[in-house]
Amino acid sequence: MAGEAEQQLRAYVEYLRDMGVHDFYRQGEPVYGGATAVPSVATVDLAAVVESMVETQSLPTKAAVVEHQVASVPIAAAQSSPVPSRPQFLEPPIAKLVSFDDLVPLPATRVDAEHKAEALTAIRAEIGDCTRCPLAYAGRRTIVFGDGDANARLMFVGEGPGADEDTSGIPFVGKAGQLLNNMIQAMGLKREQVYIANIVKCRPPANRVPEPVEANTCDQFLLQQIDVVQPQVIVALGSTAATYLLGVKQSLSALRGKWHSCRGAKLAVTYHPAYLLRDPGMKGEAWKDLQRVMAEMGLKGASRG
């Protein structure tokens, strides 16, 4: 366990160094087994921080330390109270949710149909071998950009890649992806006729929910993808996709059954296919959501016979 924590911490330190952060300030010495340290103010090298923190604590879940926060850490007067086990400056800022409609105005000039595929390729090139957020240092193998028709009328947005997607570089190819394919076919469409993407393009460790710093760093590219594809309808798959697309933190029950707006498209919220695999009894509710989408788009559904 200690080895895993050390590996994670060293990756985190590498991330901070890429950001130009090389020194931390701390008060006193590390606390071992509840012992009270003698307070003092010192400047330490990151290597020393790595060695001490591996022994006393595991890496914080959120890696939302920004450069200006570290640079402006106040050096407080010596105090008699014990030093906290988690440095205050490592506490991430509270991220404010902003809907995709409010992030930036819609483009004054829209990409025409024949140039959409080229525009998506340009966005992928801009992403490059991305190291903009901590997910780049958390075991990611492949950046999962998107998949489908650049001129699709219907777009699905999920949470983030899983293990299968991290290997293939294509969104929704695992068991949840197979269920999504069945849902698309039931609507009377083929997967090749829709566009599929995720809130984040790198797999979070152990398939955890993306942290705000990760989602807010990556959403600029998803927003560009939506503006290029210009779908008629977007389906948000699960609460994470709905939260960041709409800029609200509400339950799925509060968001389902009504139309929302996103980048000029109508947006519907339904359950993530992975959730439906865990609770098959909710497939009927998800089908109701898709039927509303079908009615809006004039789709008749797959023929039975």
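**A mixed open sheet and its buried centre**

Of the 305 residues of the protein chain, 43% count as buried, where buried means under 20% relative accessible area, exposed over 50%, and partly exposed in between (1.4 Å probe, protein chains only). The model is predicted, and local features need pLDDT of at least 70, side-chain atom pairs count only at pLDDT 80 or more, while totals for chains, interfaces and linings use all residues. Residues are numbered from 1 along each chain as its sequence is written, and side-chain values use heavy atoms, with hydrogens and water left out.

The protein chain holds 12 helices and 8 strands; helices (H or I, at least four residues) and strands (E, at least two) are DSSP runs, numbered from the N terminus. Among contacts between residues at least 6 apart in sequence, 74% join residues at least 24 apart, a contact being heavy atoms within 4.5 Å.

We can turn next to the sheet. Here 6 strands form an open sheet in the order β3-β5-β4-β6-β8-β7, with mixed pairing; two strands pair if DSSP finds at least two bridges between them. The edge strands, each pairing on one side only, are β3 (147–148) and β7 (260–262). Strand β4 (residues 154–158) runs parallel to β5 (residues 195–198), and 4 bridges join the two. Another 4 bridges join β4 to β6, also in parallel. Within these pairings, Met-155 has Tyr-195 of β5 as its bridge partner, while Phe-156 stands opposite Ile-196 in β5 and has Val-235 as its bridge partner in β6.

Strand β4 is largely enclosed by the rest of the structure, because 5 of its 5 residues are buried. From this strand, Leu-154, Phe-156 and Gly-158 point one way, and Met-155 and Val-157 point the other way. Not counting residues up to four places away in sequence, Phe-156 touches residues including Leu-180, Ile-184, Met-187, Val-235, Leu-237 and Leu-290.

Phe-156 also belongs to the largest nonpolar core, which has 63 residues. Such a core is a set of buried Ala, Val, Leu, Ile, Met, Phe, Trp, Tyr and Cys residues joined through side-chain atoms within 4.5 Å. The members that touch the most others are Leu-154, Phe-156, Ile-199, Leu-222, Ile-234 and Leu-245. Helix α8 provides the largest share of this core, 8 residues.

Helix α8 (residues 212–229) lies across β4, β5, β6 (233–237) and β7, running at about 165° to β5; axes are lines fitted to C-alpha atoms, for helices over the stretch in contact, and angles run from 0 to 180 degrees between N-to-C directions. Helix α9 packs on the sheet as well, touching β4, β6, β7 and β8 (265–270), and its direction makes about 130° with that of β6. With 7 of its 8 residues buried, α9 (residues 239–246) is largely enclosed by the rest of the structure. Just after α9, Gly-247 takes a positive phi of about 70°.

Finally, the cysteines deserve a look. A search of the whole structure finds 0 disulfides, a disulfide being a pair of cysteine sulfur atoms within 2.5 Å. The sulfur of Cys-133 lies 6.2 Å from its closest cysteine sulfur, in Cys-202, too far for a bond. For Cys-218, the closest cysteine sulfur is also in Cys-202, at 6.4 Å, again too far for a bond. Cys-133 is buried, with a relative accessible area of 11%, and Cys-218 counts as buried at 14% relative accessibility.
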